[in-house]
Amino acid sequence: MGVIQTKNLNIGYDHKKGTQVIAEDISVVLESGKLISLLGSNGIGKSTFLKTISGILAPLSGSVFIDDQPIESYSSSILSQKLSLVLTEKLPESSLTVYELIALGRQPYTNWLDQLAPQDISQIENAMVLTDIMHLKNKKYYELSDGQFQKVLIARAIAQDTPIIILDEPSTHLDLYHKVKLFKLLKNLAENTHKCIVFSTHDLDLALQLSNQIILMKRDGLYFDTPDQLIKQGVFDHFFDDETIIFDRNNKQFRIR
Ligand SMILES: Nc1ncnc2c1ncn2[C@@H]1O[C@H](COP(=O)(O)OP(=O)(O)OP(=O)(O)O)[C@@H](O)[C@H]1O
């Protein structure tokens, strides 16, 4: 299936000094076949939300369901066949090649590289073709530029071939052309292979044009709808704190004043 549901979810961190609540009472259903972007200003809680819905971070309260079952009821190996995650954190040092790193995406189905079945190899190659990184196949991953490395991590998630893909700022290091290519690739994957793809981004204009749905985190709460509905509701009109950048509803674009 590939459906994420949150019920009265409170997210944040438990510190020694007390609890830091980042966002409260989040109830959303994120469905398969949709590209869903997660927007909000720096520090609002996007990564915290993504980590909570992928089971890395425990909720403060409330629940996360994957395909109608509480996320904590899945073993990590079963969860890794349901959900793949691309975070912004650097990997521990190693001398893996690009191919080997992407092959790790097949680990939920195999044990190690020498046990790759033809099906695994074709998934790995397909992921490299889709992300346009075949030419990097034999490079060591520490030799890559930030943008190339970002594509490799996305390829690994695609090779993992899960019904749900969650990505934290996958387009940060990409130039405009490659950002657009990535957004279109994710949209095609969501729609044509019926995956639920959720990703955070600061590329507001691209998210407005290419997402099926948007989750917008603001200080006064969380909004979730199609781009057009959210624009109609006026939620982007005061996206930024002052009037330096304003939202032009007619053209569905942000403009610098
Ligand atoms: N591991 C952590 N422990 C405690 N607090 C944290 C931790 N990670 C993040 N925070 C805090 O939670 C808040 C939300 O951070 P988060 O990284 O989720 O925001 P974000 O919307 O992803 O930001 P950005 O767009 O800048 O990446 C911030 O105040 C941050 O300092």
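Predicted model: local features only at pLDDT ≥ 70, side-chain atom pairs only at ≥ 80, totals over all residues.

Reply: Helix H4 (residues 118-130) and helix H5 (residues 146-160) cross at roughly 140°, with their axes coming within 8 Å, and they are therefore oblique to each other. Helices here are DSSP runs of H or I with at least four residues, strands are E runs of at least two, and both are numbered from the N terminus. The axes are lines fitted to C-alpha atoms, over the stretch in contact for helices, and angles run from 0 to 180 degrees between N-to-C directions. Under 35 degrees counts as roughly parallel, over 145 as roughly antiparallel, 65 to 115 as roughly perpendicular, and the rest is oblique.

Numbering starts from 1 along each chain as its sequence is written.

Now for the loop between H4 and H5, where Met 134 sits. Met 134 counts as exposed because it has 12 C-beta neighbours inside 10 Å. For that label, C-beta atoms are placed from the backbone, and 20 or more others within 10 Å makes a residue buried, 12 or fewer exposed, and anything in between partly exposed. From Met 134 to Val 152 is 18 residues in sequence, and their C-alpha atoms are 10.0 Å apart in space.

Strand E6 (residues 83-86) has both faces covered. Leu 83 and Leu 85 are buried on one side, and Ser 84 and Val 86 are buried on the other. E6 runs parallel to strand E7 (residues 164-168), joined by four bridges; strands pair when DSSP finds at least two bridges between them. Across from Ser 84 in that pairing is Ile 165 of E7.

Strand E9 (residues 213-218) and strand E10 (residues 221-225) are antiparallel instead, with five bridges. A hairpin of two residues links E9 to E10, and Leu 216 has Tyr 223 in E10 as its bridge partner.
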